[in-house]
Amino acid sequence: MAQTHYNVLFLCTGNSARSIMAEAILNHKGKPLFTGYSAGSQPSGTVRPEALRQIEKAHLSTNRLRSKPWDEFSRPGAPPLDFVFTVCDNAAKEVCPVWPGQPMTAHWGIPDPAAVQGTAEHIEPAFRDAFFMLDRRISLFLCLPLASLDRLALKREIDKIGEP
């Protein structure tokens with residue numbers, strides 16, 4: 001995979017929290033070599049305020065973050081994808097579109113902070129934990145020597161990052 005720029009898509013069902021946070025993290029930590037995107041199989045249409053709060057607390061940009069369907073990335077004219085990571089268990093079980101260019105895929109399941117109920121004191125830590133898990137996995141991904149790994153070795157490494 002010797003190239004100079006990589007496009008990465010993070011998928012989740014609702015595209016309202018985990019995939020959005022992953023997009024923001026990668027776009028901050030990975031520039032200029034990586035561009036992150038996110039999408040959902042059944043997008044909620046809104047970004048969770050708790051996710052935006054975590055992004056803002058980390059001093060990352062929230063510009064252009066929006067909940068969108070994953071078919072935006074399988075249409076003609078969409079950015080060519082190099083990697084596609086599912087960050088929720090539901091999206092991993094769904095039949096994904098056929099991505100042009102056959103990007104490398106892996107499942108990086110993160111517990112759903114949006115499923116936590118209760119007071120803000122219960123919900124906030126769930127979003128913080130999800131953010132830190134994503135941040136760690138993305139940091140590990142960015143440390144991979146992409147140019148020197150063959151496809152099989154790279155697939156093994158990106159799968160390993162998603163293991164609990």
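# Helix packing and cores: a chat

Guide: Let's start with R128, which counts as partly exposed, with a relative accessibility of 33%. Keep in mind that this is a predicted model.

Visitor: OK, which helix does R128 lie in?

Guide: R128 is part of helix α4.

Visitor: And how far apart are R128 and A51, in sequence and in space?

Guide: They are 77 residues apart in sequence, and their C-alpha atoms are 8.4 Å apart in space.

Visitor: Switching to α1. How does α1 sit against α4, at what angle and axis distance?

Guide: The axes cross at roughly 45° and come within 9 Å. That makes α1 oblique to α4. The crossing of α1 and α4 is right-handed.

Visitor: Who meets whom there?

Guide: On the α1 side it's R18, M21, A22, I25, L26 and K29. They meet F127, A130, F131, L134, D135, I138, S139 and L142 in α4.

Visitor: And the classes for α1 with α4?

Guide: That contact divides into 10 nonpolar, one polar and three charged residues.

Visitor: What about α1 and α2, what's the angle there?

Guide: Helix α1, residues 18–29, and helix α2, residues 49–57, pack at about 20° with their axes 9 Å apart. Since angles under 35 degrees count as roughly parallel, α1 is roughly parallel to α2. α1 passes α2 in a right-handed crossing.

Visitor: Which residues touch, and how many are charged?

Guide: I20, M21 and A24 of α1 make the contact with A51, Q54 and I55 of α2.

Visitor: New topic: how many residues are in the largest nonpolar core?

Guide: It has 39 residues, and those with the most contacts inside it are F10, F83, F85, W108, F141 and I158.

Visitor: Which elements give two or more residues to it?

Guide: On the strand side, β1 (6–12), β3 (83–86) and β4 (104–107) do, and on the helix side α1, α2, α4 (120–142) and α5 (151–161) do. α4 gives the most, with seven residues.

Visitor: Pick out I158 for me. What does I158 touch?

Guide: Skipping residues up to four places away in sequence, I158 touches F83, F85, M104, T105, A106, W108, F141 and L144.

Visitor: What lies apart from that core?

Guide: Another core, of eight residues, with L9, A39, V84 and W99 among them.

Visitor: Last one, back on α1: is S19 buried or exposed?

Guide: S19 is found in helix α1. S19 is buried, with a relative accessible area of 0%.

Visitor: What is S19 in contact with?

Guide: Leaving aside neighbours within four places in sequence, S19 is in contact with F10, L11, C12, S38, A39 and V87. F10 is one of the residues with the most contacts inside the largest nonpolar core, while A39 is in the other core, the one of eight residues.

Conventions
Residues numbered from 1 in each chain as written. Predicted model: local features only at pLDDT ≥ 70, side-chain atom pairs only at ≥ 80, totals over all residues. Heavy atoms only, no water. Axes fitted to C-alpha atoms, helices over the stretch in contact; angles between N-to-C directions. Helix = DSSP H or I, 4+ residues; strand = E, 2+ residues; numbered from the N terminus. Parallel < 35°, antiparallel > 145°, perpendicular 65-115°, else oblique. Left-handed = near helix turned anticlockwise from the far one by under 90°. Contact = heavy atoms within 4.5 Å. Core = buried A, V, L, I, M, F, W, Y, C linked by side-chain atoms within 4.5 Å. Buried < 20%, exposed > 50% of the residue type's maximum accessible area, 1.4 Å probe, protein only. Nonpolar A, V, L, I, M, F, W, Y, C, P; charged D, E, K, R; others polar.
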